[in-house]
Amino acid sequence: MDNRFDTSRDEGATGAKRSGVALTDSAEWRALAGHFRSVEGLTLRALFDADPDRGKALTAEGGGLHLDYSKNRVTRETMRLLMELARARGLEGRRDAMFRGARINVTEDRPVLHVALRSPLGVEILVDGHDVVPDVHAVLEKMAVFADKVRDGSWTGYTGKRIRTVINIGIGGSYLGPEMACQALRPFADPNIAVRFVANIDGEAFRAATADLDPAETLFIVCSKTFTTQETMVNARTARQWCIAGLGSDAAVAAHFVAVSTNTTEVARFGIDPGHMFVFWDWVGGRYSLGSAVGLSVMISVGPARFREMLAGFRDMDEHFQTAALEQNLPVLIGSLGVWYNNFFGMETQAILPYAHGLSRLPAYLEQLQMESNGKHVDLAGRPVTYQTGAIIWGEPGVDAQHSFYQLLHQGTKVVPCDLIGFCRSRASLSGHQDLLMANLLAQAEALAFGRSVAKLAEEGAPSDQIPYRVCEGNRPTNIILAESLTPRTLGALVALYEHVVFTQGVIWGIDSFDQWGVELGKVLARRIVAEMQGAAPEAVHDSSTTALIERYLAMRGG
């Protein structure tokens, strides 16, 4: 088998869908629109009554995950039409082009190769004629050597003390993924090393992270590809000052800081030994970078072997996405259902509801992954889209959320499709806890689907004057994702699942899921305003509101 993939120009990938029939003019879209009109009034109760095998038939397996999508407002014909749309939009070809290394990030003319971060040695992926897979594994090995030194105490701080706390300084993809993973994999973590994260430039964030720490026992990982990211470098310089103040010498920086970056010059200028810089590449977007050197804090926490297990889980889902028929392909099924609700029902949000304390940061991670990727208003050719793209992603862990916003999910006027994620076994061996947790997950999915009718309430003897308030209409769609337990490998598969859901939807909508130009404008304006506030630039012309707010801030700030 030829394992050589080349990223030389792939016109079939980069030019796909730049011309030709627009999405909403395609025969497949029109067929779905007509079908929608015939099924939009159907209820989940009626669908289950009409199809006794539905609960087993509308399921799929992949990467160690089980998906039950039977509690969605779809028929088997709906799913057939959604798969036809995905095929017509070139999903399989675009998918293969991504794994091949084609430059599918068209606005930045780059490959999209987060999949290379978990590619095994022996698969050759060429970027401009250079095989990147050995580079990936060289960085992983360098990370492993360093992580082991921190974990076994052979890496010591400036005074010779071993490291007890690691603080990751980054923002966006340089902290959301690692923070989520460290929380999820806490049962596998070294109890002798705490890992913390600083992202927000509110000074309270840094103060809170360091208030109880000894600089002599603290290691900082500064994650910034360019080593110029404003928020990250403000926090990094504060950390540098804190370290020097506590240890009494600029020389301490080299023992207490490492970098994840590509900018050797700036890293050295900061005082970090370039030999302690861990590189990653411009063909990895920040929100897809957990498996790269950005995950160094995770590797230190759980160890190189567990980190590689997580990469194996990513690879499990990659292989499923590449090889499974669309009709049994988890990312394609979930992604297509998202299009169905967003574009036909007009349901603009989606809730992520993990029934696992370890996944408490998963909704925040997926907010960035999905909304930064697919929050786009033009297609691949730069034409304004005439349809909704990315949904608004939000959520919290169950059962906490059941006593928070589930009231709206059950009886509110807004219908919110939900992904409920659960595990059949827990590493916390506490009698009855996992059964009760999973009973709640299953009960909520059942309640959302089928509700509680006037007739049922009357049968149960509810007071007649209370019945209108206690009715739950049901017909609220859910996906249920189950796995055996939350392990590094399962976590990798789960993250890769949602990465490929993003990809599926981006292809159907014909947008570039891998750029993020929308985040630039606010940064440019913030640099301009902070320069004004600090007297380093002449006063700029703003709108009257912004000018008045700057003046009020300066007056109240004082000094």
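Is C243 buried or exposed, and what is its relative accessible area? C243 is buried, at 0%, where buried means under 20% relative accessible area, exposed over 50% and partly exposed in between (1.4 Å probe, protein chains only). This is a predicted model, in which local features need pLDDT of at least 70 and side-chain atom pairs count only at pLDDT 80 or more, while totals for chains, interfaces and linings use all residues. Residues are numbered from 1 along each chain as its sequence is written, and side-chain values use heavy atoms, with hydrogens and water left out.

**View 1. Cysteines without a partner.** There are zero disulfides here, a disulfide being a pair of cysteine sulfur atoms within 2.5 Å. C223 is in none, and its nearest cysteine sulfur, in C182, is 11 Å away. C223 is also buried, at 2% relative accessibility. For C243, the closest cysteine sulfur is that of C223, and at 17 Å it's too far for a bond.

**View 2. Helix α16, mostly covered.** Helices (H or I, at least four residues) and strands (E, at least two) are DSSP runs, numbered from the N terminus. Ten of the 13 residues of α16 are buried, among them Y365, L366 and L369. These buried residues pack against α8 (176-184), β11 (349-354), β12 (392-394), β13 (418-423) and α21 (488-509).

**View 3. L494 in helix α21.** L494 lies in α21 and is buried, at 2% relative accessibility. Skipping neighbours within four places in sequence, L494 is in contact (heavy atoms within 4.5 Å) with L65, L359, L362, I421 and I481.

**View 4. Rings in pairs.** The structure has 23 aromatic pairs. Rings of Phe, Tyr and Trp (its six-membered ring) pair if their centres lie within 6.5 Å; planes under 30 degrees apart count as stacked, over 60 as edge-to-face and the rest as tilted. F146 and W155 have ring centres 4.9 Å apart and planes at 75°, so they're edge-to-face. F206 and F220, with centres 6.4 Å apart and planes at 15°, are stacked. F206 sits in helix α9 and F220 in strand β8, so this pair ties together parts 14 residues apart in sequence.

**View 5. Charges over rings.** A charge sits over a ring if NZ of Lys or CZ of Arg is within 6 Å of the ring centre and within 35 degrees of the ring normal. K142 lies over the face of F278, 5.2 Å from the ring centre. R240 does likewise over F270, at 5.7 Å.
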